[in-house]
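Please open the structure in your viewer and keep the selection tool at hand.

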Amino acid sequence: MNRLTTLILAILLFEVNGFGGETELAKLDSAIAKRQETALNKEKHLRQLQNSLMAASGADRQLQMLEQLYEDYYTYRFDSTSYYVHRCIDLARQTGNNYYLHKATINKVLLNARGGYYNEAESELLKIPVDELPDDLKHEYYLAQFWLYMYWGQYNSNKNEEQSLHVKMMKEGLDGAIEYCRDSTATYAYLLGERSHIFEMDAKQAIGYYQEVVSKAPRLSKLYASAAFAMSQCYKKNEDLDNYEHWLVEAATVDMLTPLKENFALQELAVFLFHKDKGNIERATNYIYCSMEDAQFVNDRLRIITISQNFPMILSAYTAKIKKQKDTILYGLMALATLTLLILVSLYYIKKQNNKLHLHQRELRIKHEEVKQKNSLLEKQGEQLSLLNSKLLDTNQKREGLAKIYIDLCAKYIDKLKKYQKLVKHKIKANQSSELLTMISSERISEEDAATFIPKFDKAFLDLYPSFVDELNRLLQPGSQIVIKQPNTLTTELRIYALIRLGVKESSEIADLLFYSPQTIYNYRSAVKNKAKNKDTFDDDLQKLCTVIQ
């Protein structure tokens, strides 16, 4: 029953599709699962840079640290990047350092372009005296021009006149950036790839340049991720969908590991998987949701707008699949209810037979008294039969109690599912899908299930096997016995081995029933087994416990 409930509440389940790139997708899933850990490492690195800035004594050193903070924050958090680029501009003005003043202004142009402030970015760009810049800053100036009009053109893609102007300015910026870029560098190869890809429409040649980039640039770098994403677009144009997916997954994985919060690749991968494999809706939903979270974290307006166009489509399909799963579970519950009814009928029949058996037992006792003096052996057999019948009656009563607990749990879960169904319908009709996702992602539901299931399980098991704790402790070394702190309540270790005694031996199944991870269950099992008097036979000894119900 607990597994059925877990299935209803599961929001982001990853399925194996049998596709050759499944291993790559699994690595991406792993990187997404470690997003928080990766972000913490990134924050730690940024704090170290901030401390270095505070410790820097000279203005030149402070300007260098401010530039480094800008670079590290650029694809991570918009507001912080803006703060440090303005600090760099102010300090460069105060100290009369024109090099860093122009460099920081170019950075500000890039930042405003990426944040969607295109007019402000263009205004700042036009103020920069490009003819007075050294070659390295000319390269960055033209590169900023290229990206500004690239972003702007994407934003105004439906305005032909403006788009034509943006394309012209993009090409001018790209040509200038190539002219002032050192040959044989990864950046130079990337820019040549962009020119081949965007302006010369030669996808094959562009792929060659991008391959050079990924062979030279560090894997966990923005340049590598950009080249991988651009290469995927070239393969897409050539209708080579296998390589398109491969490099799209690679770009998304690097974005997660670096981390880069732009997530162009993850967003496009979500849409691709959605259209490619309707059975992979959970994965597509997870990817688009992560993309939206990162876009909001960075405050990237262009990305938010683009993702918002695809988010409802994927979420709607995912909601429909969840509803279908719910319907399937409902049918399963109906079958379970039918089975429960059959069990009740069987219990009634057993009780009726027990009554007949009890009557027969009394008759046997009367006859036994009549022949008591004649056959002592028959007397002993009658006493043994009487004892066995008494134990059978007690066992049946305990089974009836277990059946009552089982029926109560079924009734509660059926009622809970009905309320949950009404809540889902209400939220969907009210277009509150986000709230619904948040609500059903909450761990509170699993905690409520645990609070309902575990106490009843403990009481039922101890009623059925009252000597289980004592018998288990006799298998453990002196001083390692497990003590029950409260009556009718098992500890986690005892609860795990109670399930094993009942035949549930897989750690994954035990984890589902007790609301723990499989690793936690494994750790508990190992800890108890290490305390056993005989570790080699401990599992077999456990199955021999409580062979007679007290």
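**The chain as a whole**

In this predicted model, 66% of the contacts in the protein chain with a separation of 6 or more are between residues 24 or more positions apart. Display the chain as a cartoon: its secondary structure consists of 24 helices and zero strands. Then colour the chain by burial; of its 550 residues, 45% count as buried.

**Helix α8 and Lys138**

Next, select residues 135–155, which form helix α8, and find Lys138 within this helix. Is Lys138 buried or exposed? Lys138 is buried, yet has no salt bridge. Now show what surrounds the lysine. Apart from its neighbours within four places in sequence, Lys138 is in contact with Val130, Asp131, Leu133 and Tyr180.

**Two crossing helices**

Move on to helix α21 (residues 492–501) and helix α23 (residues 518–530). Their axes come within 10 Å and cross at roughly 95°, so α21 is roughly perpendicular to α23. To view the meeting place, select Thr492, Glu493, Ile496, Tyr497 and Ile500 in α21. These residues meet Ile521, Tyr524, Arg525, Val528 and Lys529 in α23.

Finally, select Cys234, which counts as buried because its relative accessibility is 0%. Cys546, at 3% relative accessibility, also counts as buried. How many disulfides are there? The count comes to zero.

Definitions and conventions
Residues are numbered from 1 along each chain as its sequence is written. This is a predicted model: local features need pLDDT of at least 70, side-chain atom pairs count only at pLDDT 80 or more; totals for chains, interfaces and linings use all residues. Side-chain values use heavy atoms; hydrogens and water are left out. Helices (H or I, at least four residues) and strands (E, at least two) are DSSP runs, numbered from the N terminus. Buried means under 20% relative accessible area, exposed over 50%, partly exposed in between (1.4 Å probe, protein chains only). Lys and Arg count as positive and Asp and Glu as negative; His and the chain ends are not counted. A salt bridge is a side-chain nitrogen of Lys or Arg within 4 Å of a carboxyl oxygen of Asp or Glu. Contact means heavy atoms within 4.5 Å. A disulfide is a pair of cysteine sulfur atoms within 2.5 Å. Axes are lines fitted to C-alpha atoms, for helices over the stretch in contact, and angles run from 0 to 180 degrees between N-to-C directions. Angles under 35 degrees count as roughly parallel, over 145 as roughly antiparallel, 65 to 115 as roughly perpendicular and the rest as oblique.
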